[in-house]
Every structure is written in structure tokens, then in C-alpha cells.
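Subject: Structure for you to look at

Hi,

Here is the structure I promised to pass on. Please open it first, then read my notes below.

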Amino acid sequence: MKKALITGITGQDGSFLAEFLLARDYEVHGIVRRASTFNTDRLDSIYADPHEQGSSLHLHYGDVTDGAALRHVIKKVQPDEIYNLAAQSHVRVSFDQAEYTADVVATGTLRLLEALRDYAGSAGRRIRFYQAGSSEMYGATKPPQNETTPFYPRSPYAVSKVAAHWYAVNYREAYKLFICNGILFNHESERRGETFVTRKITRALGRIKLGLQKKLFLGNLDSRRDWGFAGDYVEAMWLMLQAPEPDDYVVSTGESHSVREFLNLAGEYCGLDWTQYVETDPRYFRPTEVDYLMGDSSKARRMLDWKPKVRFEDLVRLMVEHDIELAQQELTLATAGHKVVVRGMAHG
Ligand code: NAP
Ligand code: GDD
């Protein structure tokens with residue numbers, strides 16, 4: 001039985017990856033931050049109480065800002081594969097929390113690589129390491145972007161991801177470690193955080209449709225993103241670590257759409273004219289924007305035999321359908337006298 005260790009297991013991708021690996025008979029270990037409330041909602045479908053025998057999912061407290069804790073967990077778990085997904089992953093927030101973002105995203109990766117380097121030396125076998133890189137690293141460079149496109153990061157988040165990318169390349173070359181950088185373009189799902197634009201839109205339109213919300217405040221509607229489905233993208237992470245040699249890969253659909261186009265489609269599936277409800281709020285503009293991302297993933301398609309399965313239209317539909325259902329549940333609660341709080345509007 002192979003063992004995988006995932007940082008960021010409670011996030012969107014972490015939860016999909018954990019499910020994917022459990023289905024392939026891995027023993028899955030995840031690092032979870034201590035919080036004052038439970039932060040494992042996305043793992044609910046695979047979580048088993050630690051007192052129950054036989055579960056293949058194990059959670060450990062830790063944080064990528066705490067190098068000693070990372071070393072302890074790695075020593076205890078003895079993983080065959082490590083997936084570094086932990087991040088302060090919100091681009092707009094990274095302008096407000098630049099130092100913290102760098103500490104988690106850039107130095108956090110370095111801490112984990114140092115822990116890997118020590119552990120790999122003692123393990124006597126090749127540990128495989130995945131680094132969650134981002135299309136944000138391309139920033140201002142023209143599409144289509146592939147593995148040879150120069151980086152031009154446009155936010156503290158993106159600069160930190162570029163640093164993490166090069167740390168990973170350097171550790172691969174200097175210490176002959178098996179390290180892959182996945183350069184993933186935007187990927188979404190019904191588990192996407194509610195302050196990212198796609199989920200913010202589908203969540204709000206679902207609520208507006210059922211009369212639970214009146215307005216949706218957004219920023220720049222003209223930026224273009226290459227949006228895929230998170231479930232497809234975690235497969236690419238795994239495939240990278242099964243390849244004979246470590247390498248870096250772009251993962252994308254090759255299609256790009258504007259935020260406005262996303263709104264058009266989501267509005268159509270909801271049966272709403274979104275222009276009646278959406279207002280611009282400059283707080284959601286970024287000091288430097290990334291205008292146009294569209295990935296060329298031909299290398300991953302050729303070398304890993306990977307391709308995305310869920311198309312843009314199906315992605316929008318699955319998110320809309322999920323969030324109408326969620327709004328329906330909220331309406332039921334509201335009708336029974338419970339307070340429904342719309343949190344999404346003040347942040348991100
Ligand atoms: P996400 O939903 O924001 O999840 C981030 C995860 O990192 C959460 O589990 C979070 O824990 C954890 N985390 C944050 N700070 C941490 C710290 N100091 N120590 C340990 N864990 C920490 O992000 P995602 O969409 O799943 O993305 C996964 C990774 O891929 C991230 O590195 C992201 O930057 C990168 N990426 C994402 C996309 C995309 O479109 N989704 C594209 C390219 C790259 P809490 O649950 O406690 O907050
Ligand atoms: N979040 C947000 N909120 N974005 C908005 C809004 C809003 O109200 N209005 C317009 N946008 C625009 C942003 O300005 C950006 O151009 C686009 O929508 C997408 O924003 P996000 O959904 O926040 O994602 P992102 O592209 O900045 O970053 C995501 O994808 C990266 C990969 O390219 C994150 O998941 C990153 O962690 C990831 O690396």
C-alpha cells in the first residue's frame with residue numbers, strides 16, 4: 001500500500017486528491033491547520049472518526065510555516081509521495097497580506113523541500129514530490145502559455161509561486177530529488193472557495209433565484225481565464241508522480257473565457273438576467289491584474305496521456321445546479337426561522 005502525504009488537504013484540490021488516491025488504495029495522510037472551528041468540511045465524505053479501525057485517511061496537525069512540525073509528520077508517516085498544495089491561494093488577498101503569503105507559499109515550500117531532502121537521504125528510496133504551481137506565474141505574458149513561456153508575475157501570490165517553482169527546480173537539480181512542478185490553470189468545482197469568482201457567481205445567482213440575496217458585487221468582468229474542473233486536474237498531479245522521470249507540466253483546457261462569459265452562461269442556467277443584479281465594486285479590482293490566461297497543455301497530453309474530461313459548459317452547469325440546491329436548503333432553514341447569512345460579499 002503506497003502512502004501519500006498532502007499539505008492543503010482541507011482545500012478544494014486536497015479533498016479531490018485525497019478521494020482520488022483513496023480510490024487507488026493509497027493510505028492518505030493530510031496536514032491540517034489548527035482552527036477554532038472545524039475546517040474539514042470538504043473531507044466529510046471520506047472522513048472516519050480516528051477511533052474507528054481500518055480508515056485509510058489520517059489527519060495530522062501542522063502548518064507550512066512550522067518546519068519542525070513538517071519534519072515530525074514526514075518522519076512519522078514515511079510517505080512515498082508528497083503533494084504540496086498548502087497556500088494562501090487568494091490573489092487579491094495576497095496584496096493585503098503580502099509577507100504572510102510569501103511565508104506560506106514561497107518559504108513554506110522551501111521548508112517542505114528541506115524536510116524532504118533530509119528524509120529522502122535517510123529513507124533509502126526515491127520519494128516523489130508534487131509542487132502546486134500556478135498559471136498566475138505567467139501573469140502579463142501573452143497566451144497561449146506553455147512550459148517554455150517566461151514568467152511575469154503580477155501579485156505577491158504569483159511572485160511567491162514563482163519562487164516556489166524555482167526552489168523546486170533547484171532541489172531537483174542540486175539533490176537529484178524526484179520533484180515535479182504542475183503549472184495548473186484555474187480549476188473549479190462545487191467545492192471551490194466562495195470568494196473565487198466562479199463560485200462567488202454561482203453561489204450568489206442560486207441565492208438570488210430563490211430570493212435570499214438581492215445584489216452581487218464584482219470587480220473586473222473582462223479578464224479571461226482557462227477554467228477547468230478540479231477533479232480532472234488532481235489526476236494530472238498524480239500522473240506526474242507516476243512518470244519515469246520528474247518534469248514540469250502545464251495543465252489546462254486550452255479554452256479561455258471572460259468573467260462576463262461565465263456570468264452569461266451561469267445566468268442562462270439559472271434563468272436569470274444577471275445584468276439586473278450585478279454591480280461593480282472597486283474593492284475587488286487588483287492593483288495589477290492578469291488579463292488573459294490560456295494554457296497549452298500539449299506536453300501533459302503527450303507525455304502523461306492526460307486530458308480534461310469536463311468541458312466549460314458542463315463545469316458551469318454542475319456548479320449552478322449544486323448552488324441552487326444549496327440555496328434551496330438555505331431557504332428551507334430560513335422558512336423554519338433560522339438566520340441565513342450571506343458572507344461572500346465583503347471579501348475576495
Ligand atoms: P484552497 O482551496 O485555497 O486550499 C488551500 C489549502 O491550503 C487549504 O487546505 C488551507 O487550509 C491550506 N493552507 C493555507 N495556509 C496553510 C498553512 N500555513 N499551512 C498549512 N496549510 C495551509 O486552494 P486550492 O484551490 O485547493 O489550490 C490548491 C493549491 O493549488 C494551492 O497551492 C493553490 O495556490 C494552487 N493552485 C490552485 C489553482 C486553482 O485554480 N484552484 C490553480 C493553480 C494553482 P485551510 O482549509 O485551513 O484554510
Ligand atoms: N475573486 C474575485 N472576486 N475575482 C473577481 C471578482 C470578484 O468579485 N470580480 C472579478 N474578478 C476577476 C479577478 O479580477 C480575476 O481576473 C478573475 O476574476 C479570477 O479571479 P479568481 O477567481 O479570484 O481567481 P484567480 O485567477 O485570481 O486565481 C485563482 O487561479 C489561480 C490560477 O491561475 C486562484 O485559485 C489561484 O490560487 C490560482 O493560482
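Which of the 25 residues around ligand 1 come nearest? They are Thr10, Arg33, Asp63, Ser89 and Tyr157. Keep in mind that this is a predicted model.

**Ligand 1**

The shell around ligand 1 divides into 10 nonpolar, 10 polar and five charged residues. Four elements each supply at least two residues of that shell: α1 (12-23), α4 (98-123), β5 (128-134) and α5 (156-175). Strand β5 gives the most, with three residues.

Backbone atoms also reach the ligand. A backbone N or O atom of Val64 lies 3.0 Å from a nitrogen atom of ligand 1. For Ala87, a backbone N or O atom is 3.2 Å from an oxygen atom of the ligand. For His187, the distance from a backbone N or O atom to a ligand oxygen atom is 2.9 Å. On its own, ligand 1 has 900 Å² of accessible area, and the protein covers 90% of that.

**Salt bridges**

The structure holds 23 salt bridges. As background, side chains of opposite charge can pair when their charged atoms come close. Here are some of the pairs.

Strand β9 takes part in two of them, through Arg224 and Arg225.

Glu261 pairs with Arg224, and their closest N and O atoms are 3.4 Å apart. This pair links distant parts of the chain: Glu261 sits in helix α8 (residues 259-270), Arg224 in strand β9 (residues 224-225), 37 residues apart. Glu261 has 29% relative accessibility, so it counts as partly exposed. Arg224, at 22%, also counts as partly exposed.

Arg225 forms a salt bridge with Glu289, with 3.5 Å between the closest N and O atoms. Arg225 lies in strand β9 and Glu289 in the loop between β13 (278-280) and α9 (298-303), so this pair ties together parts that are 64 residues apart in sequence. Are these two partners buried or exposed? Arg225 counts as buried, at 7% relative accessibility. Glu289 counts as buried too, at 16%.

Asp281 pairs with Arg283. Their closest N and O atoms are 3.0 Å apart. Asp281 is buried, with a relative accessibility of 16%. Arg283 is partly exposed, at 48%.

Finally, there is a network. Glu194, Arg203, Arg207 and Glu330 are joined into one by salt bridges that share partners.

Best wishes

Technical notes:
Residues are numbered from 1 along each chain as its sequence is written. Chains are lettered from A and ligands numbered from 1 in the order in which they are written. This is a predicted model: local features need pLDDT of at least 70, side-chain atom pairs count only at pLDDT 80 or more; totals for chains, interfaces and linings use all residues. Side-chain values use heavy atoms; hydrogens and water are left out. A salt bridge is a side-chain nitrogen of Lys or Arg within 4 Å of a carboxyl oxygen of Asp or Glu. Buried means under 20% relative accessible area, exposed over 50%, partly exposed in between (1.4 Å probe, protein chains only). A residue is near a molecule or strand if one of its heavy atoms lies within 4 Å of it. A polar contact is a pair of N or O atoms within 3.5 Å; within protein, one must be able to donate a hydrogen and the other to accept it, and residues adjacent in sequence count only if both atoms are side-chain atoms. Accessible areas come from the Shrake-Rupley method with a 1.4 Å probe; for residues, only the protein chains shown count as cover. Ala, Val, Leu, Ile, Met, Phe, Trp, Tyr, Cys and Pro count as nonpolar, Asp, Glu, Lys and Arg as charged, and the others, Gly among them, as polar.
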